[in-house]
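Dear colleague,

Please find below the structure that I am handing over to you, together with its sequence. My notes on its pockets, cavities and domains follow.

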Amino acid sequence: MSAFLPFTRPSIDEETINDVANVLRSGWITSGPKVKAFEAELSSYFGGRPVRVVNSATGGQEIALRLIDLQPGDEVITTPMTWVSTTNVVLNTGGKLVLVDVDPLTRNIDLDLVEAAITPRTKAIIPIDLAGLPVDRDRLYAIANKHGLRVIEDAAQAQGATWKGQKIGSFGDLCSISFHANKNMTTTEGGALVMNNEAEAALFEKWRLQGVTRFPDGSMDVDLLGGKFNMTDVAAAIGLGQLKQLDGFNFKRKELAKAYFRLLDPELGLELPPANFEDSNWHMFQPLLPLAEMEISRGEFIAQMKEKGIGIGVHYPVLHLFSYYRNLGYTEGMYPHAEHIGAATITLPLFPAMEIADVERVCKALSEVIRAARPL
């Protein structure tokens with residue numbers, strides 16, 4: 001039997017592994033010169049904009065909400081089709097969460113609904129670039145500028161994605177990036193925030209590490225209640241190695257995604273993602289199962305694929321139906337497009353070390369399971 005094929009796996013080369021070993025040997029393993037170097041390289045990648053790294057994108061988004069001076073009761077508009085960290089940080093920082101449905105084709109936030117949801121209390125919009133497909137930046141910023149709103153781009157999955165030839169993060173307002181282990185580039189855990197100016201970056205640094213300001217004479221001061229979000233030099237060393245390879249990783253992902261479109265049997269009844277090879281970085285390939293035509297659940301489908309040696313992910317169940325959010329008053333039927341996607345979505349294996357033969361294997365197994373699950 002072939003080796004198990006996970007839905008994702010990072011690619012760490014020997015040069016990067018050696019760089020990590022050198023950091024460990026150096027005696028300086030927490031935030032230090034590698035973090036500074038990584039931030040500088042990221043800034044260059046994003047067109048010279050200030051970038052600061054953190055130990056998670058969640059931490060970066062929390063600080064972003066602090067930077068825009070979110071006050072209790074200020075409204076933040078986003079979508080239930082995202083990882084729950086997006087909304088958790090809004091609530092944890094005292095914001096009022098306003099959810100709107102997604103566009104059924106792009107699966108990204110419906111910008112018509114965003115504009116309709118704006119009130120005098122609205123402070124910000126958090127759009128999510130689901131699976132690395134960018135939200136329409138022209139329309140997004142037209143809405144934000146018209147209403148005087150801040151934007152915190154949740155580009156956690158969009159490393160290297162573009163909008164009309166410009167890298168996501170190289171323009172716009174605040175932009176949050178993730179370097180989690182399943183992302184297109186990784187630091188094992190980590191994230192970054194791209195900002196507008198050095199004043200924001202300096203304030204970010206305070207929020208990142210306990211609100212501390214250090215002075216040349218060794219003294220220090222604390223003038224805000226910061227947290228502990230700093231990245232280590234160990235993680236930054238991995239990030240430096242990964243950033244060099246990001247464009248190559250994304251090219252390979254696109255080739256694999258094209259193979260899925262070519263090899264998946266159209267008679268299976270799958271709803272495929274948009275075939276966008278201009279802007280998307282193809283972080284994930286996510287068809288929707290034809291569950292109404294199948295006699296098994298998604299969970300049973302995943303189990304049967306695992307028996308065939310293939311890992312399947314789910315990104316994501318809609319977050320407003322989690323227990324915590326149900327207790328806030330959210331119920332089924334409020335966001336029908338997101339709920340349909342969340343109930344039927346599967347994430348097929350897609351990572352740079354895969355070959356076309358792996359895609360063929362996935363498509364063959366998927367076809368066998370779905371055909372066997374259809375009533376006679």
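I begin with the second largest pocket, where α3, α4 (85-92) and β8 each supply at least two residues of the lining. Helices (H or I, at least four residues) and strands (E, at least two) are DSSP runs, numbered from the N terminus. The model is predicted: local features need pLDDT of at least 70 and side-chain atom pairs count only at pLDDT 80 or more, while totals for chains, interfaces and linings use all residues. Residues are numbered from 1 along each chain as its sequence is written, and side-chain values use heavy atoms, with hydrogens and water left out.

The second largest pocket holds about 360 Å³ of space. It is lined by 21 residues, and Trp 83, Ser 85, Ser 178, Lys 183 and Tyr 316 are the closest to its centre. By class, this lining has 5 nonpolar, 13 polar and 3 charged residues. (Ala, Val, Leu, Ile, Met, Phe, Trp, Tyr, Cys and Pro count as nonpolar, Asp, Glu, Lys and Arg as charged, and the others, Gly among them, as polar.) On a 1 Å grid over the protein atoms alone, a pocket is an open set of points with protein on both sides within 12 Å along at least five of seven lines, whereas a cavity is a set where a 1.4 Å probe fits but cannot get out; lining residues have an atom within 4 Å of a point. Grid points are joined across faces, edges and corners, and a volume is the space filled by probe spheres set on the points.

Helix α3 gives the most to the lining of this second largest pocket, with 3 residues. Of the 11 residues of α3 (residues 57-67), 8 are buried, so the helix is largely enclosed by the rest of the structure. Buried means under 20% relative accessible area (1.4 Å probe, protein chains only).

The UniProt annotation "active site", from an unreviewed entry, covers Lys 183; UniProt positions are given in the numbering used here, feature names are shortened, and annotations may be inferred rather than shown by experiment. Lys 183 is found in the loop between β8 (174-178) and β9 (191-194) and is buried, with a relative accessible area of 11%. Leaving aside neighbours within four places in sequence, Lys 183 is in contact (heavy atoms within 4.5 Å) with residues including Gln 157, Arg 253 and His 283. Gln 157 is itself buried, at a relative accessible area of 5%, in the loop between β5 (150-154) and β6 (162-163).

The chain is assigned domain 1 (14-241) and domain 2 (246-373), with bounds from an automatic or database domain assignment. Their C-alpha centres lie 26 Å apart. The contact takes 36 residues from domain 1 and 36 residues from domain 2.

There are 4 cavities of 30 Å³ or more. The largest cavity has a volume of about 110 Å³, and its lining divides into 7 nonpolar, 3 polar and 1 charged. Both domains give residues to this lining, so the largest cavity lies between them. The second largest cavity, of about 60 Å³, is lined by 13 residues, with Lys 183 among those nearest its centre.

Finally, the largest pocket contains about 420 Å³ of space. Its lining has 14 residues, of which Ser 31, Lys 36, Glu 205, Arg 208 and Leu 209 are the closest to its centre.

Yours sincerely

Conventions: Buried < 20%, exposed > 50% of the residue type's maximum accessible area, 1.4 Å probe, protein only.
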